Amino acid sequence: MSVLSILKSRDDQHLLKRIHNRIGTGGMVAGGFMVFLILAATLAPLISPFSPNAIDLLNVSSGSTWLHPLGTDNLGRDILSRLLWGARPSLLGPTLVIGVATIIAVPLAALAGWSGGLIDQIVSRFLDLVFAFPGILLAILAVTLYGPGLYPCSMALALSYMPWIARVTRSEILRERNKPYIKALEVQGVSGFAICVRHLIPNVSATIWSQVTISFGYALIDLAALSFLGLNILPPGADWGVMTNNENAVLQGDLNQVLYPCLLIILSVTSVTYVGKRLSDENTRLLK
Amino acid sequence: MTHLLNIENLSVDLVVHRRYRKVLQDVSITVERAEVVSLVGESGSGKSMTARSVLNLLPAQGKMSGDIAFDGQSLMNASDKDWQKFRATRAAMIFQDPRASINPVHRIGDFLTEALVHNRGMDRHEALARAATLLEQVGIDDAKRRLRQYPHELSGGMLQRAMIASVLLIEPELILADEPTTALDVTTQADVIAILDDLRAQRDMAMLFITHDLELAAAFSDRVAVMYAGYIVEISTPTQLHSRPLHPYTAALLRSRPMLHERTARLPQISGRPLSAFEAPPGCPFQDRCPYVQAQCGGSLPQPQLINGSVVRCHRANELELVSTVNAEGGHSHG
Amino acid sequence: MPKAVIRMGDETAITPLAQKLRRVDGPAVHVMGLRKVFRVSGGAGGRHHRDFVAVEGASFSLEQGHSLGIVGESGSGKTTIARMLVGIETISGGTINVAGRDRSATAKSTSERRRRGSEMQIVFQDPYTSLDPRQSINSCINEVLKLHLTMTEDERRQRIIELLDQVGLTERQGIVLPKNLSGGQRQRVAIARALAAEPAVLVLDEAVSALDVSIQAQIINLLNDIRERTNMAYIFISHNLAVVRQVTDQTLVLKKGVVVEQGDTEKILDTPEDEYTKLLLASVPEPGWKPRRVGVD
C-alpha cells in the first residue's frame, strides 16, 4: 500500500497510529532510524563537529574521546563527522538508483503487461538485453564517459536495476489484469491508460514497494563496492563505502573507522528492507 | 451402546483480526454407526469448523473446549501421534476442492496408495490393485491408466471421485465430507452423491456431511442439523424438516429458496445477513433477523429442547407452527 | 444528459432513464449464429494445434424489459457467450447486435468501447474480486458516472446516493472499502456500478451463485425489482435452474457449446424436450429427490 494512500485515507486515526498499524512497532523503529539518518545527513553541515577532511596528524587513530566521540581515523579525521557527511552520498546514491529505476521500470512493465502481444514481446526482449549488462560494467562505461562520481555510477546502476523491477512488476500486472474488477472497467470503456494508472499499478504497489526496498539495500552495497573500485566516491571524499575500504586501517588493527560505517551500512539496509517487507505483508493482509 | 461420534458442548475460538473470537458455541451432536448426519448452514455458521475439530485440523492457534469422543474414547487430550493414527485409520475427510487438496506433482496412484503403504505397511502392488478396483467402483473407467496419470489430467468431477476413493480405501468408520460437491456441476454432483452414499452404505460407514444446500442434505441424510452463528439451532429428520420445521431460521431458509417448478412474485427473504459466532448479539443469535422475535430472545440464549424427537434452540419453539413452503396454508401464531 | 431519478415505489412516474431505454427500436439484443473457437496447443511437444469449439451457432433475441436465461454446466460455453457479448472475448463467427448497433467486431477506439459500455454492462460471479480493493464504493461508482454521463460533482454525489439506495445500501456504506462489506453487499455494489452506466442490457454472469442462500433470495428480489422499474433487459447466466425460473422469461440450454433447447422458461422447465435438459432437471436436489447414478462425466 502506498504511503500516499495512508495520507489520503479518510480514517479518523492519527497519522502515526495509521503508520503503526501498517508497519508495526518494528517497522516504526526501522523507519524512525532511517528518518533519523536522513535528517542527520541533511543537517550534516550544521551539526558536524569537524570538517570531514580536517586532517589532524597529532590525533591519529585515537579511540573515543570527549572531542572525538567516535574517535579519529588514521589521518586524524573525526569519524563522527565523516559518518555524518558520508551519509549524504551513501543514502542519496541508492535513492537515486531505485528512484530512476522505478520511474522507468513501472511504466514499461505496465505497457508490456497491459498491451500483451507484440508490444509485450518487444519490451521483454529489450529488458532481456539490459539484463545482460552487469551493473559494474555499465558503471565502468559511465565513468569512462563522464568521470568518476556519484551521478554516473547511480545512473548506471539504475539502468541495471531497472529490468529486475520491471520484470517482477510485469508478472504482477499480468496476474492482476485478468481479475474481474479490471475486466469490469474494460467493459465500462475506461481507457487502458486510466486503468493502469488508477487501478492496476496501485494494486500491484505492494510488490513494487518490496522490490524497491530490497533494491535499496543492494544498491547501497553496490555503490560501496564501486567506491572500492575507485569509480564512485574517491578518497578523500567521505562516504561509508570509502570508509570501509581503508586497508591501511585494517592492517594497523585500527578497526573503529571501518566498523562504524560498516555498521551503518548494515543497519540501513536492514531497516529499509524490513519496512519494505512489512509494507508489502500488510498490504496483502489488509486487502482481503 | 456408545455413540460412534459424540460431540459435547464443543466451543472453538480462533484468531480473527488479531484477537481470539468465538466461531463455535456449545455444539452438541452425535453420529451413530453407519448413520448419515448433515450439518447445514451458511457463512459463519461453523459447520466446516465442527468437522475440522473432529479431526483436529483447526488453524494453529485454535482453542477447543468441550469434548469430542470417538467410540467412547475422548479425543481432547490425544497426542499428535494418536491424532495421526486416528486420521489414518478410523476417520477421514473429503475436502471441497480436490485440486487444492491433492498434491499436483504426484500421480493419482501414489496419492491413493500413500496412506495404505505408509500407515498400514501394505505391499505397494496390492495397494494399487485395491485402488484400481475402488476407482472403478466410484465410476472412473480405465482405472489402471488413471492411476498413472497426474491430477491435472483429470476433470474436477473425476478428481473428486478419486478423493472419495482414497477415503474409502482407508475404510474408516467415519467419513467427514466438507462440501464435497459444491464445486461440481449439478449432474456430476448427483452422480457423486449417489456413489458416495452407495459405497458408504455397503461398508457400514458413518458420515458427517457438511453443506450449505438444505435440500441436498435432506435427500440422503438420516438426520439434519441446521447451524447458525456457531450454534446448532435445530436437529431433525428430513421428513420432519419439510413438514414441520421447528426453528424460524430453518423455516425461513427453506422458504427463501427459489423453486424449480414454480415462480413466485417475490421470494420470502430474510433481512440482514448470516452472522458468525463472534458477531452474534447476546441471547438468541437469530433475533435480529427473526420474524417472531420477542423480548425474551434478547435476554437469554435458548437452550436445546427436545420436541417430537427433534432438538431445537428457540424460546418460542413450543408455540410456533412453522411451515417450509411459501404456499402452504399453515397458520403462524404471532405472539 | 438527463439524470434518472428513480424513487422506490413511484411506479407511475416515467423516469428519463426509462424513456431513454424505450427509445431503442427493435430488440435490445439480437444474436445470430454466434461462434467461438479456441486454438489449443496439444499433443506431444505442443506441436499439434486443435480447434476447440466453445460455442457453436447460438442465436437468440431479447426484447427490452425481458429476461433471458442461459443455462448449462461447466464447459457449456455460457460464460464464453457472456464474455463475447460484453466484448471481453473476440467473436469467431456470427453477429451480435445490441440496442440496434452491431458489435461483432472488436471495438477499435476507447470511445467506441465506452459507447458499448453504456449500452451493456456486466455483473460478475465473485463479489470478492469484482471490485477494486483499493477503491471506496463512492469512488468506484463516481468513476463510472464521470465516464458515461455529463453531470456536475453535486449531481454525481446525489446520483450515487440514489443508486446505493436503489440496491439497498446506505450512504455510510459508500464511504468504505470493499473489504468492509459482506459478499452480498459487494454484489449490490457491483449491480449499482453496472446501473450507473444506465445500460439497456445487464449481463449477469452467475451473479448470485457465490452467495449464501438467504442472501441469494435478497439479490434475486432486488434484480426483479430493478428490471420491473427500469425496463432493462437481462441476460442471466446460471447453472441453477430454480434461480433461472425465478428470474427469467426465456431460456437457452447449452451443452458443450451447442444450444439443445430454447424457449419459454416455464415451458422448458415443466415440459423439457431434450434429454440433456431432462437430465439437468433430474439432478436438482428438491424435497423428495433421491440421488441416483446418472453415469455422466
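## Close-up views of a predicted three-chain model

**Figure 1. Strand β3 of chain C shows two faces, both of them covered.** C:S67, C:G69 and C:V71 point one way from β3(C), while C:L68 and C:I70 point the other way, and every one of them is buried. As a general rule, side chains in a regular strand alternate between the two faces of the sheet. The strand takes in residues 67-71 of chain C, and five of its five residues are buried. Please keep in mind that this is a predicted model, here and in the views that follow.

Figure 2. Which way does β3(C) run relative to β8 (residues 233-238) of chain C? The two strands are parallel, and five bridges join them. To find your place in this pairing, look for C:S67, whose bridge partner in β8(C) is C:Y234. β3(C) also pairs with strand β9 (residues 250-255) of chain C, in the parallel sense and over four bridges. Here a handy landmark is C:V71, which stands opposite C:V253 in β9(C).

**Figure 3. The eight-stranded open sheet of chain B.** Reading across the sheet, the strand order is β6-β7-β8-β3-β9-β10-β12-β11 of chain B, and the pairing is mixed. At the edges you will find β6 (91-94) and β11 (305-307) of chain B, each pairing on one side only. On average, neighbouring strands of this sheet are turned by 20 degrees against each other, with direction ignored. Zooming in on one pair, strand β10 (residues 231-236) and strand β12 (residues 310-312) of chain B are antiparallel and share two bridges. Within that pair, B:E234 sits opposite B:V312 of β12(B).

**Figure 4. Chain B as a whole, to set the sheet in context.** Chain B contains 12 helices and 12 strands. Its C-alpha trace spans about 70 × 50 × 45 Å along the principal axes. How does the radius of gyration of chain B, 21 Å, fit with a compact globule? It agrees, because a compact globule of 335 residues would have a value near 20 Å. Of the 335 residues of chain B, 50% count as buried.

Figure 5. Most residues other than glycine have a negative phi. B:D204 has a phi near 60 degrees, a positive value in a residue that is not glycine. Its place is the loop between α8 (186-202) and β8 (206-211) of chain B. Is B:D204 buried or exposed? B:D204 counts as exposed because it has 10 C-beta neighbours inside 10 Å, and the cut-off for exposed is 12 or fewer. The other residue in this view, C:E206, has a phi near 50 degrees, again a positive value in a residue other than glycine. C:E206 lies in the loop between β7 (201-205) and α8 (213-230) of chain C. With 19 C-beta neighbours inside 10 Å, C:E206 counts as partly exposed, since a buried residue needs 20 or more.

Figure 6. A:P152 belongs to helix α7 (residues 150-177) of chain A. Why is A:P152 classed as it is? A:P152 is buried because 22 other C-beta atoms lie within 10 Å, where the threshold is 20 or more. Setting aside neighbours within four places in sequence, A:P152 is in contact with A:A142, A:V143, A:Y146 and A:G147. The C-alpha atoms of A:P152 and A:L141 are 9.0 Å apart, although 11 residues separate the two along the chain.

**Figure 7. Where chain C meets chain A.** Here 23 residues of chain C are in contact with 18 residues of chain A. On the chain C side, the elements giving two or more residues are α3 (110-119), β6 (120-123) and α4 (137-148). The largest share, five residues, comes from α3(C). By type, the chain C residues on this side divide into 10 nonpolar, six polar and seven charged. Of the two pairs of chains in contact, chains B and C share the most contacts. No contact joins chain A and chain B, and their closest C-alpha atoms lie 10 Å apart.

**Figure 8. Confidence along chain A.** Chain A averages a pLDDT of 84, and 93% of its residues score at least 70. Where does pLDDT stay under 50 in chain A? That stretch is residues 1-10, for which the model has 16 contacts beyond four places in sequence. Where pLDDT is low, the predicted coordinates should not be read in detail.

Note on methods: Residues are numbered from 1 along each chain as its sequence is written. Chains are lettered from A and ligands numbered from 1 in the order in which they are written. This is a predicted model: local features need pLDDT of at least 70, side-chain atom pairs count only at pLDDT 80 or more; totals for chains, interfaces and linings use all residues. pLDDT is the predictor's confidence in each residue, from 0 to 100. Two residues are in contact if their C-beta atoms, placed from the backbone, lie within 7 Å. Ala, Val, Leu, Ile, Met, Phe, Trp, Tyr, Cys and Pro count as nonpolar, Asp, Glu, Lys and Arg as charged, and the others, Gly among them, as polar. The radius of gyration is taken over C-alpha atoms; the globule rule is 2.2 Å times the number of residues to the power 0.38. Two strands pair if DSSP finds at least two bridges between them. Axes are lines fitted to C-alpha atoms, for helices over the stretch in contact, and angles run from 0 to 180 degrees between N-to-C directions.
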